[in-house]
Amino acid sequence: MSSTRLLHVVIAADPPSRLDKALARDVPEEAALSRTRLSRMIADGQIRRRGVVLESPKTSVVEGDEIELEIIEAEESDIVAQNIPLDVVFEDNDLIVINKPAGMVVHPAPGSPDGTLVNALLAHCGNTLSGIGGEKRPGIVHRLDKDTSGLIVSAKTDRAHHGLAEQFEKHSINRHYRAVVYGVPDAADPRLRGQRGISFETGNILKVTTQLGRHKADRQKQAVMFSGGRHAVTRCRVVDAFGNPAVAALVDCWLETGRTHQIRVHLTHAGHALIGDPVYGGHRKLAKKSFPVSAMEAAARFPRQALHAATLGFEHPATGEWIEFSAELPDDMQRLVDALGQAQSTTKT
């Protein structure tokens, strides 16, 4: 059975008129109770004034009101903690940033009940998890596909979870990905002129603007659409071009929105599918005239979408400080880039 504790809060001078806003301001910071959590506590009857349960977040409060909060201590998660090695880039009392390897699923799901990042974080973080929504678990606020490598942040407290989720919702997070693609995105490419959803910005930056939604025939896939779905914007620039002539590229992609499979779907829509992508890449091959056999074999054998979350920056939800992290290409992608570089174009951006 869950244990509880009582927290007494006195409403300070000039309070917001609403209970939820006043509590969000006056609850001690060390309690780590976000406004979302406080609203849930109000709905669950855990907040009282003079013994009377306050049932609405809109309840009026005044200076000097003594509010009693019944805090249910975070319960242990029913997800199994597993001692799986993690590449920890940063960690403090509020959050942890991991450089996730390709092949690791982020969250347990049917078909992947364990061996996930969440299982590993439960073991790694242990008692430093103060609780997300009343349960001792890491707060995953964004995800990477199983076969995408790179940086991912997880909250260790309710306060951090709320603060990070708010930044992701506002699209204020700085996220850059590196991808190896077929073709070289170029504003001079006549194929892209007038293609719906495709434009170029100053600096030869490819911009893809569409709606994204579930594919009609395959519910596991996402598809570009121009009515319905969810608004999605991806930008991309060439870092290096490969081949002689150039027919592949290492690109830097950044997100204005964060939708499922967004980069993979958008670059495929632009005719620049990711090398190794088993879902959206089709059966494309590199042109024989542009590469030596070793480079073509490296691309043909690449076992996953060549996509890596290389940069992650955000405002720390507790300190307000802007923090940013980077992760070098993993070994498999670096070997692919090196192989393609054997016939590298002299053109670089």
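A nonpolar core is taken here as a set of buried Ala, Val, Leu, Ile, Met, Phe, Trp, Tyr and Cys residues joined through side-chain atoms within 4.5 Å. In this predicted model, the largest such core has 32 residues, and Tyr177, Val251 and Leu267 are those with the most contacts inside it. Helices and strands that each supply at least two residues include β7 (95–100), β11 (174–182), β16 (248–255) and α5 (262–269). Helix α3 gives the most, with 5 residues. Because domain 2 (88–170) and domain 3 (175–346) both give residues to this core, it lies between them. As general background, nonpolar side chains in soluble globular proteins tend to be buried together.

Leaving out residues up to four places away in sequence, Val251 touches Tyr177, Arg178, Ala179, Val181, Pro185, Cys236, Arg237, Val238, Val239 and Leu267.

The protein chain is divided into domain 1 (4–72), domain 2 (88–170) and domain 3 (175–346). Taken over C-alpha atoms, the centres of domain 1 and domain 3 are separated by 47 Å.

In α1 (residues 19–26), the buried residues are Leu19, Asp20, Ala22, Leu23 and Asp26. These residues sit on the same side of α1 because they cover an arc of only 165° around the axis. Such a pattern can be read from helix geometry: an α-helix has 3.6 residues a turn, so residues three or four places apart point the same way. Ser17 lies in the loop between β1 (4–10) and α1. With a relative accessibility of 52%, Ser17 counts as exposed, since the cut-off for that class is over 50%. The C-alpha atoms of Ser17 and Glu63 are 9.8 Å apart, although 46 residues separate the two along the chain.

One further position carries a record. The UniProt annotation "active site", from an unreviewed entry, covers Asp145. Asp145 is placed in the loop between β9 (139–140) and β10 (149–155). At 23% relative accessibility, Asp145 counts as partly exposed, because buried would require a value under 20%. Beyond its neighbours within four places in sequence, Asp145 is in contact with Lys100, His261, Arg264 and Gln305.

How values were computed
Residues are numbered from 1 along each chain as its sequence is written. This is a predicted model: local features need pLDDT of at least 70, side-chain atom pairs count only at pLDDT 80 or more; totals for chains, interfaces and linings use all residues. Side-chain values use heavy atoms; hydrogens and water are left out. Domain bounds come from an automatic or database domain assignment. Buried means under 20% relative accessible area, exposed over 50%, partly exposed in between (1.4 Å probe, protein chains only). Helices (H or I, at least four residues) and strands (E, at least two) are DSSP runs, numbered from the N terminus. The arc is that of the directions from the helix axis to the C-beta atoms. UniProt positions are given in the numbering used here, feature names are shortened, and annotations may be inferred rather than shown by experiment. Contact means heavy atoms within 4.5 Å.
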